[in-house]
Amino acid sequence: MTYALELNNVSVALENTPIVQHIDLQLNEGDIGCLLGPSGCGKTTLLRAIAGFEAVTSGCVSVAGHRVSEPGFRVPVEKRQVGMVFQDYALFPHLTVKQNIAFGLKHVKASERERRINALADMLRIGELLQAFPHRLSGGQQQRVAIARAMAPKPRILLLDEPFASLDVELREDIAREIREVLKQDGITTILVSHNQLEAFAMADEIGVMKAGQLLQWSTAFALYHEPETAYVADFVGEGVFLPGTVIDDVSVSTELGVLHSDQSLGHEVGALVSVLIRPDDVIHDDDSQATAKVLEKAFRGAEFMYTLALDSGARILSLVPSHHVHAKGMQIGIRVEMEHLVVFPMEVETGV
């Protein structure tokens, strides 16, 4: 199978210092991928290697089945059919919005160039800004222009480096969804870098969680949340806590919240001590339950409260509760566990989270 983008065992070093190591990932044509992780984990360096700005020290980068980077060989950036939007947008200040978008269309017939500019302006809702200069635009408008300029030549791959970093937090998720619709409409394979999981969830089909130069898991948002392969991924994606547990059979673990069951083998020996991932949506508020927990904190989230609860042992768990259930700090409330995906890790792994 030919992928739009494929990385096989890719490593990158800067000034002889390893930055990313042994990365494998694939992205289908028209899909959107995201490299997600904290600052300094190597995600931007990997993006720059895909673009061709950095050489690889091992492995191979392929675009549409054609090798573009391997040790000792690098197709120039301008010949990769890869577009890139930098974090600061890098718009040409002396050119209008229309001229910025047209920059990569110099060798296209005037009529086709006009059609492409107008189509992108309509998709990105910047038609009324075509004659404006960048300094007159808001951050969100500049972002849309930068994306339109990168999309204009119809690159095989579009790369976005922290595209929403300069926008207000409350706008990011909405704009991420809007940009996703535009990219899907135009059929452009895209990969972005982000440290914000809500942006990643809103925009990407496939997400890779990175830590210290390694790609820990490349999967869907659903799988990262419900089926994390490492304790770090479980802790980084979504909210939750780890409770100690003891394996009592191949599919069951005893915890302070009771015996929890899995629909598949846990892969741990009977008697093994494990860390059990408890998500806020696993803990249901139930006034009729015999099990209770003490309210320590609550955060209003509109339709829901996020309660921080203390169990009898002092261990803390989180629970998402409909916001019409209002409970004061210090109250004991009934809880029960409803868990569709039981996720456990060896006890010693927790120290590495």
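In the largest pocket, strand 7 supplies the largest share of the lining, three residues. Strands here are DSSP runs of E with at least two residues, helices are runs of H or I with at least four, and both are numbered from the N terminus. This is a predicted model, where local features need pLDDT of at least 70, side-chain atom pairs count only at pLDDT 80 or more, and totals for chains, interfaces and linings use all residues. Residues are numbered from 1 along each chain as its sequence is written, and side-chain values use heavy atoms, without hydrogens and water.

By pocket I mean an open set of points on a 1 Å grid over the protein atoms alone, where a 1.4 Å probe fits, with protein on both sides within 12 Å along at least five of seven lines; lining residues have an atom within 4 Å of a point.

The largest pocket has 18 lining residues, with Val82, Gly83, Met84, Gly104 and Pro153 nearest its centre. Besides strand 7 (82-85), helix 4 (139-151) also supplies at least two lining residues.

Now the second largest pocket. Which helix gives the most to its lining? Helix 6 does, with three residues. Strand 18 (304-310) supplies at least two.
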